[in-house]
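Trainee: I am new to this structure and would like to go through it with you. Could you show it to me, please?

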Amino acid sequence: MPVVLLLLFGMLCIASLLLGAQQIAWSDLFSASSDAWLTLSASRIPRLITIVLTGVGLSVCGVILQHIVRNRFVEPGTTGSLDAAKLGILVSLTLIPAASVLSKMLFAMLFCFLASLIYIAIIRRIQFRNTVLVPVIGLMYGGILSALAEFYAYRNNILQSMQGWLMGDFSRVIQGHYEMIYIILPIVVLSYVFAHRFTVLGMGEEMASSLGLGYARMAAIGLLLVAITVAATVITVGAIPFVGLVVPNLVALMYGENLAKTLPIVALAGASLLLVCDLIGRSVLYPFEVPIGLTAGGVGGVLFLMLILRGLRS
C-alpha cells in the first residue's frame, strides 16, 4: 500500500479531529477541567469513524458493482441503489411508524437489492455499443426511483423532513446515533475474502463459468453486500454520490484491477476522498457547515465528467 496515501490519510484524520466550531488545542486534552475529551469522544471521534467507514464502504461497493455490471461508470449513485434505499426508508416510516433503526435499514436493504437486480436485468437485455450509456440508463432509472420517493413522501406529508434528513450530512453524527455504520466492517472483510472471485466475475459470465465460478450466486452475494452497505450509510448519514465511482477508477488506472491487491488501496482512497470533501464542507462557510452530499456531489461530479470524457476519447 502506498506510503504517501497512508501519510495523507493520517493527516486528514488529525485535521478532521481538530476542525470544528469549538477549537481544541492539544494542551486542553491534558486539562482535567477541559471539555476537550467530551467533544472528542461524543462528536469528533464518532464523526471521524463514520466518515472513514462510509468512504470505505461506498468505494468497495463501487468496485463490486463495476465488476458485476462490467462497466467502470457504475456505482450506487448511478444504478438507482441510493434512491431505492431512500424509498425503502420512507416506506418503513409510513408502514411502521415506530420501526427501529434496524427495521428501517432492513427495508432500505431490501429495496436496494431488488432495485439492483432490476437494473442488471435491464442492462443485460440491452446491447450497448457505448459503455457510457450504461450509467446514463442508471441515472435515468435512479431519477424514476427518486421521483417515486418524493411523490410517496408528498402523499404522506413528510416531503420536507425527507429532503433534509436524507441529504448526506455528518453534522448529526454523535455518540449513540452512529453505531449502525459498524456493520460495514464485516462487509469489507467479506469483500476482501471474495476479492479474487469478484475479479473473475468481471471477466464475464462465460469466462467465470469456465473457471468454475457460480456466476449468478456470486453476483447475488455481491449485490447483497452492496445493499447492506448502502442501507447502513443512508440510514446513518444520508445519500452520498460518486465516491464509489471515481475512487475505483482512479485506483484501477494506477494499480490495475486485481482486487486482491487493490481493494485495500480502494478502501483507503475512498476514506481519504470523503475526508477531503468533509473538510471542504466544514471550512467553506466556517463555523457553519455545507452538507457532505453537496461537497461530495460537486467534487465527485467533476471527476465523473472527466472520466466520461476520457472514456469517450478512448
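Trainee: Which residue forms a salt bridge with Asp278, the closest N and O atoms being 2.7 Å apart?
Mentor: A salt bridge here is a side-chain nitrogen of Lys or Arg within 4 Å of a carboxyl oxygen of Asp or Glu. This is a predicted model, in which local features need pLDDT of at least 70 and side-chain atom pairs count only at pLDDT 80 or more, while totals for chains, interfaces and linings use all residues. Residues are numbered from 1 along each chain as its sequence is written, and side-chain values use heavy atoms, with hydrogens and water left out. With the closest N and O atoms 2.7 Å apart, the partner of Asp278 is Arg47.

Trainee: How many residues apart in sequence are the parts that Asp278 and Arg47 tie together?
Mentor: Helices are DSSP runs (H or I, at least four residues; strands are E, at least two), numbered from the N terminus. Asp278 lies in helix α12 and Arg47 in helix α2, residues 36-69, so the parts tied together are separated in sequence by 231 residues.

Trainee: Is Asp278 buried or exposed?
Mentor: Buried means under 20% relative accessible area, exposed over 50%, and partly exposed in between, with a 1.4 Å probe and protein chains only. Arg47 has a relative accessible area of 8%, so Arg47 is buried. Asp278 has a relative accessible area of 3%, so Asp278 is buried.

Trainee: Which residues are joined into one network with Asp278?
Mentor: Asp278 also forms a salt bridge with Arg282, where the closest N and O atoms are 2.9 Å apart. Those two both lie in helix α12, four residues apart, about one turn of the helix. Salt bridges that share partners then join Asp278 into one network with Arg47, Arg282 and Glu289.

Trainee: How many salt bridges does the count come to?
Mentor: Another one pairs Asp83 with Lys86, the closest N and O atoms being 3.6 Å apart. Both residues lie in helix α3, residues 81-95, three residues apart. By the rule above, the count of salt bridges comes to four.

Trainee: Let us turn to the rings. What is the angle between the planes of Tyr119 and Tyr141?
Mentor: A pair of aromatic rings is described by the distance of the centres and the angle of the planes. Rings of Phe, Tyr and Trp (its six-membered ring) pair if their centres lie within 6.5 Å; planes under 30 degrees apart count as stacked, over 60 as edge-to-face and the rest as tilted. A search of the whole structure finds three aromatic pairs. Tyr119 and Tyr141 form a stacked one, 6.1 Å centre to centre, and the angle between the planes is 20°.

Trainee: Where does Tyr141 lie?
Mentor: This pair links distant parts of the chain, 22 residues apart. Tyr119 is in helix α4, residues 101-125, and Tyr141 is in helix α5, residues 133-155.

Trainee: Why does the pair of Tyr178 and Tyr182 count as tilted?
Mentor: The ring centres of Tyr178 and Tyr182 are 5.7 Å apart. The pair is tilted because the planes are at 50°.

Trainee: Which residues does Pro248 touch, not counting residues up to four places away in sequence?
Mentor: Pro248 is found in helix α11, residues 243-255, and counts as buried at 6% relative accessibility. Contact means heavy atoms within 4.5 Å. Leaving out residues up to four places away in sequence, Pro248 touches Ser59, Gly62, Val63, Gln66, Val243 and Val266.

Trainee: What is phi of Phe242 near?
Mentor: Most residues other than glycine have a negative phi, and most peptide bonds are trans. Phe242 is found in the loop between α10 (215-237) and α11. Its phi is a positive value in a residue other than glycine, near 75°.

Trainee: And what is phi of Arg70 near?
Mentor: Arg70 lies in the loop between α2 and α3. Arg70 is exposed, with a relative accessible area of 51%. Its phi is also a positive value, near 60°.
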